[in-house]
Amino acid sequence: MTSTGPELSVSWAQALAWRLQRQLLDPVGSESVAGVVRRLGAVPSMDEWLAEVAVRTRRTTSRSGELARALATGTVVKVFAFRGAVHYLAPEDAGVYLSLRCAGRQWELPSWVDHYRLRPEDWPAFRAAVRAALDGGPLTLPELGAALTRHPAYRHLEAVFDDGAGTLIKPLTWQGDMGFGPPRDGRATFQRLDANPRWKGLPDLDVAGPEAIRAYLRTYGPATPEHVHYWLGSGLSAGRKRLDRWWGELGDQLVPVDVDGTTAYAVRADVDALVAAEPSDAVRFLPGHDQWVLGPGTKDPHVTPPARREAMTRKANPVIRGGVVSGTWQRRGDELTVTWLAGGRRPIAAIEAEAQRLAPVLGDLRLKVTS
């Protein structure tokens, strides 16, 4: 990626304030559940309660179970995406990220071919068999395995499905054949993605690449090229050379910005709002592994000071102030404990106000603030 001299200057406090606006944290947004997911690009779902908190903390009004209902109605989809983990995505945009995830064609690696005994040329028929098995509606993984292994060509996969088939099914979501459906009796199900009228399919890779970079900068900018490599390269295995080429193709759509001595980039359409942003002092409670932290990465010291990085990598629930990780929170029994890590005078009134705002989400708990 090539760099040019900055066209304007802002402070990190301004940059984070603009990012708080974009991520519906200051001010808190009125977007729908699907709108929140779409704005963030992806919401991790390793822990369903944390995923729901990630959405509800960004909405002025919300209800328990609304993320699950959005999945059931198809306004969001749930697939394997970034770093091999399961994420909620907007069906209108999911294909962009999955197109990048497919770029490495991992299922064609010799190790995969040897283990699953599926050659690259076998995958079109295998994918078609999966879609056909799901024609009647969502299936649990054992049900899907039973349907597939009735085919002589896939009988050898019976042991794979008995072991969970966790790795084998990932490319089926990457390629847009299926995603997670609503759980049934506590068990995950899978359903065809193309049964969702909002699903747009996978665009051409060279269309998806620039669009993914733009989307990242519009939510997590201003950002450096290394941030993009972290999010789309390490996160989706998009490939450094491809990302560099797509970045170059965006040309003057991207504006170099001096952010307290760091050259970062923003989408030109966002520059006026970025310059106009006033530093925020808002205190927000976020769930562990929230996109506010994961989007730029825990190594970004402007969001996660180095002394607090280990807590974030261990999935502690962050308390941010002005966009900077400044403490943690946790629920124990009927108590909500906030541990302030930033030093200086603790913003007790702001912490109390945030606890009250999120009482419908976290519960009406007794607040305790420590340092």
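Colleague: Which element gives the largest share of the lining of the largest cavity?
Modeller: In this predicted model, the largest share comes from α3, which contributes 3 residues to the lining of the largest cavity. The elements that give two or more residues to that lining are β2, residues 43-44, and α3, residues 48-56.

Colleague: And which residues lie nearest the centre of that cavity?
Modeller: Of the 13 residues that line the largest cavity, Pro44, Leu50, Ala51, Gly288 and His289 lie nearest its centre. By residue class, the lining divides into 7 nonpolar, 3 polar and 3 charged residues.

Colleague: What volume does the largest cavity have, and how many cavities of 30 Å³ or more turn up in the whole structure?
Modeller: The volume of the largest cavity is about 90 Å³, and a search of the whole structure finds 1 cavity of 30 Å³ or more.

Colleague: Switching to pockets, how much space lies in the largest pocket?
Modeller: The largest pocket holds about 270 Å³ of space. Its lining is made up of 16 residues, with Arg38, Asp93, Tyr97, Glu211 and Ala215 lying nearest the centre.

Colleague: Which elements give two or more residues to that lining, and which gives the most?
Modeller: Two or more residues each come from α2 (33-40), α5 (91-102) and α11 (205-220), and α11 gives the most, with 7 residues. The lining of the largest pocket divides into 7 nonpolar, 2 polar and 7 charged residues.

Colleague: Are Phe180 and Phe190 buried or exposed?
Modeller: Phe180 is buried, with a relative accessible area of 10%, and Phe190 is buried as well, with a relative accessible area of 3%.

Colleague: What about Trp247 and Tyr265, how are their rings arranged?
Modeller: Trp247 and Tyr265 form an edge-to-face pair, at 5.0 Å centre to centre and with 85° between the planes. Here too the pair links distant parts of the chain, with Trp247 in helix α13 (residues 240-250) and Tyr265 in strand β9 (residues 262-267), 18 residues apart. Trp247 counts as buried at 5% relative accessibility, and Tyr265 is buried with a relative accessible area of 3%.

Colleague: Which charged end sits over the ring of Phe180?
Modeller: The charged end of Lys78 sits over the ring of Phe180, at 5.4 Å from its centre. Elsewhere, Arg101 lies over the face of Trp174, 4.0 Å from the ring centre.

Colleague: Back to β6 and β7, what is the strand order in their sheet?
Modeller: The 3 strands form an open sheet in the order β5-β7-β6, with antiparallel pairing. The edge strands are β5 (139-140) and β6, each of which pairs on one side only.

Colleague: How many bridges join β5 to β7, and what is the bridge partner of Leu139?
Modeller: β5 and β7 run antiparallel and are joined by 2 bridges, and the bridge partner of Leu139 in β7 is Phe190, the residue that also forms the tilted aromatic pair with Phe180.

Terms used
Residues numbered from 1 in each chain as written. Predicted model: local features only at pLDDT ≥ 70, side-chain atom pairs only at ≥ 80, totals over all residues. Heavy atoms only, no water. 1 Å grid on protein atoms, 1.4 Å probe; cavity = no way out; pocket = protein on both sides within 12 Å on 5 of 7 lines; lining within 4 Å. Points joined across faces, edges and corners; volume = space filled by probe spheres on them. Helix = DSSP H or I, 4+ residues; strand = E, 2+ residues; numbered from the N terminus. Nonpolar A, V, L, I, M, F, W, Y, C, P; charged D, E, K, R; others polar. Phe/Tyr/Trp six-rings, centres within 6.5 Å; stacked < 30°, edge-to-face > 60°. Buried < 20%, exposed > 50% of the residue type's maximum accessible area, 1.4 Å probe, protein only. Lys NZ or Arg CZ within 6 Å of the ring centre and 35° of its normal. Pairing = 2+ DSSP bridges.
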